[in-house]
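Here are my notes for you on this protein. Have a look at the structure first, then read the points with it open beside you.

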Amino acid sequence: MAELKEILVPDIGGDEVQVIEICVAVGDAIAAEESIITVESDKATMDIPAPFAGVLSELKVAVGDTVSEGSLIAMMSGEASTPAAEVSAPAEPVAAPAPEATPVASGTQVIEVAVPDIGDASDVDIIEVLVAVGDKIEADTGLITLETDKATMEVPAPSAGVVKALKVAVGDKVSMGSLVLMLEVGDATSPAPVAVEEAAVAATPAASVSAVQEIAVPDIGDAADVDVIEVLVAVGDELTLDQGLITLETDKATMEVPAPVAGKLVGLTVKVGDKVSQGSVIATIETVSAAPVAAPASVASAPAPAVAAPSAPAASKPPVPHHPSAGSQPKTGAVHASPAVRRLAREFGADLTLVKGTGRKGRILKEDVQAFIKYELSRPKASAATAVAGGAGGLNVIAAPKVDFAKFGEVEEVPLSRIQKISGPNLHRNWVTIPHVTQFDEADITELEAFRKDQNAVAAKKKADYKITPLVFMMKAVAKALAEFPVFNSSLSADGESLIQKKYFHIGVAVDTPNGLMVPVVRDVDKKGIVELSRELMDISVRARDGKLKSADMQGSCFTISSLGGIGGTAFTPIVNYPDVAILGVSKSEIKPKWNGKDFEPKLMLPLSLSYDHRVIDGAMAARFSVTLSSILSDIRTLIL
């Protein structure tokens, strides 16, 4: 009895998500990376995979439950005990039953090779015949491939020999015991004697069974074509579960791709500088598990044959393109996928001839179809020009004319940076789908600035490890204003029928880095003091500039602040950072004469530009929010009320 292990929800960005589908049942034999449950957040739907292969013993969640990182979802044994037919594709080759031998001349014999025990499956489709009459084959060479509604599996050769006759064809249905082919064994064609010393056969103890598993890039959000900046392992390394394999870098964060299983690294298909996406194969790992082995059946004694020369190694597969289904996929007409996968493809209208399979021998898995659909849905967003020209999202806009700029003078074509390629389409989507209005205002920060400078002078004398910036006071003021105007601390639901009001106050802060603009999120601003926020803001700014922010650091904002005060300008129109409904733009402060009722006084005025989603916020509400924010900044004593 294998030891039961807990299956926990991995890092999903720190959000609580709802279970919307249970993908397996108690008793199922599950392959590593096979989906256990499907969860849904306000941003995405994702599958939670099994970190290792085994048998599902107990489910701890149900549809409708809410889970987060670390939640217990299932108990699973570390080894599968069900027949091969019930194991999710790709299944390991199954041991063929002892063949019956027919003696022939020259010390050889012809044996019948039949379908071995395939569990309770019957009338199973043959989807591929892997050999032909006359072929010389080695022991365990795949003969045919079978497909059930749960798995695909190969029937291996019980010994080396020459194929004398085929008894089946593609499209035939077979069951356990069905005759597959006639195999001539012995003489110089077999790599080992077929004679068995004992007539009686007893069950042998459990033996180690190895399997080679392809490791693909898991779900990394909506990022694609991501740079590999570090390879953490080498071929031959013994890996532990969750050990880092490679490090990826997006425009927002760096992240490691962990090993989903323990084993020996036998192949690497990526190197530093390559680009990968979800589903890209990055390595192959050889895993070893215990499995019962049946002793060979009694066979008439035969002379020990010579060992045949090993067959030439198969050519290594080239690395997959940046997306499993990217690039041109030739329509061959031959599609290898289970009925369940075909049903999924029909449901979503996916053309399986265009999907690149990542399973064994190119089998198309459920994850391949999901990745293909996600990729196709994202393609219109990848190019702003394409989306507009094609009228995507209900926009009936003509395509921009093509212009040959070189005919007017010398030109140079400079490629967009990675951040520009990714953020550009997102900004375009936000601009054309969110009705923007910008409210302009200014705040008197004369007293705030005097107080800030005094406190920094005190901190400098104490040699403190922080420095207070004006942005910290703005964050506190925004959090207080959000508490007074909850509509600003909300997001529009996906169907546009309701508002999702948040009870927390997380502020996104736009940070200018050498690689482009990033928006890390400072959490629970309302619960933190000025000094604590100053330290945290300094830390995330350094990590942003060093490219060490993680994906979770960029998620969960309620409101965004974009400050250009250190550069200049009097006002601008910031674009709302979806799914927020408002963003505050801050420009450079300036001394201005302000009338106090008797005289003009010099006051340090801070320009504020508040852009908001007019579907959620009306003009009067925006003006009240802006006035409230301005008054808090003008008298920071109100922050303690």
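The points below go from the overall picture to single residue pairs.

1. First, keep in mind that this is a predicted model. The protein has 641 residues, and 39% of them count as buried. You'll find 8 helices and 36 strands in it.

2. Now the surface and the contacts. Take the contacts between residues at least 6 apart in sequence: 64% of them join residues at least 24 apart.

3. Have a look at the open sheet of 4 strands, which pair antiparallel in the order 1-8-6-3. Strand 1 (4-8) and strand 3 (29-30) are at the edges with a single partner strand each, so one side of each has no neighbour in the sheet. Leu 56 has Met 76 in strand 8 as its bridge partner.

4. Strand 13 (residues 142-147) is worth a stop. Why can we call it largely enclosed by the rest of the structure? Because 6 of its 6 residues are buried, that is, under 20% relative accessible area. Strand 11 (residues 124-129) runs antiparallel to strand 13, with 4 bridges between them. Glu 128 sits opposite Thr 145 of strand 13.

5. Glu 128 turns up again in a salt bridge with Arg 363, where the closest N and O atoms are 2.9 Å apart. This pair links distant parts of the chain: Glu 128 is in strand 11, Arg 363 is in the loop between helix 1 (339-348) and helix 2 (366-378), and 235 residues separate them. Arg 363 counts as buried at 4% relative accessibility, while Glu 128 is partly exposed at 23%.

6. The whole structure holds 18 salt bridges. Another one joins Asp 219 and Lys 374, with 3.9 Å between the closest N and O atoms. Asp 219 is in the loop between strand 18 (207-216) and strand 19 (226-231) and Lys 374 is in helix 2, so this pair ties together parts 155 residues apart in sequence. Asp 219 is partly exposed, at 38% relative accessible area, and Lys 374 is partly exposed at 38%.

7. Val 403, Phe 405, Phe 408 and Val 411 make it, and it covers about 450 Å². To find Val 411, go to the loop between helix 3 (384-389) and helix 4 (418-433).

Definitions and conventions. Residues numbered from 1 in each chain as written. Predicted model: local features only at pLDDT ≥ 70, side-chain atom pairs only at ≥ 80, totals over all residues. Heavy atoms only, no water. Patch = residues over 30% accessible without salt bridge, like charges linked within 9 Å, V, L, I, M, F, W, Y side chains within 5 Å. Areas by Shrake-Rupley, 256 points an atom, 1.4 Å probe, with all protein chains shown as cover. Salt bridge = Lys/Arg side-chain N within 4 Å of Asp/Glu carboxyl O. Helix = DSSP H or I, 4+ residues; strand = E, 2+ residues; numbered from the N terminus. Buried < 20%, exposed > 50% of the residue type's maximum accessible area, 1.4 Å probe, protein only. Pairing = 2+ DSSP bridges. Contact = heavy atoms within 4.5 Å.
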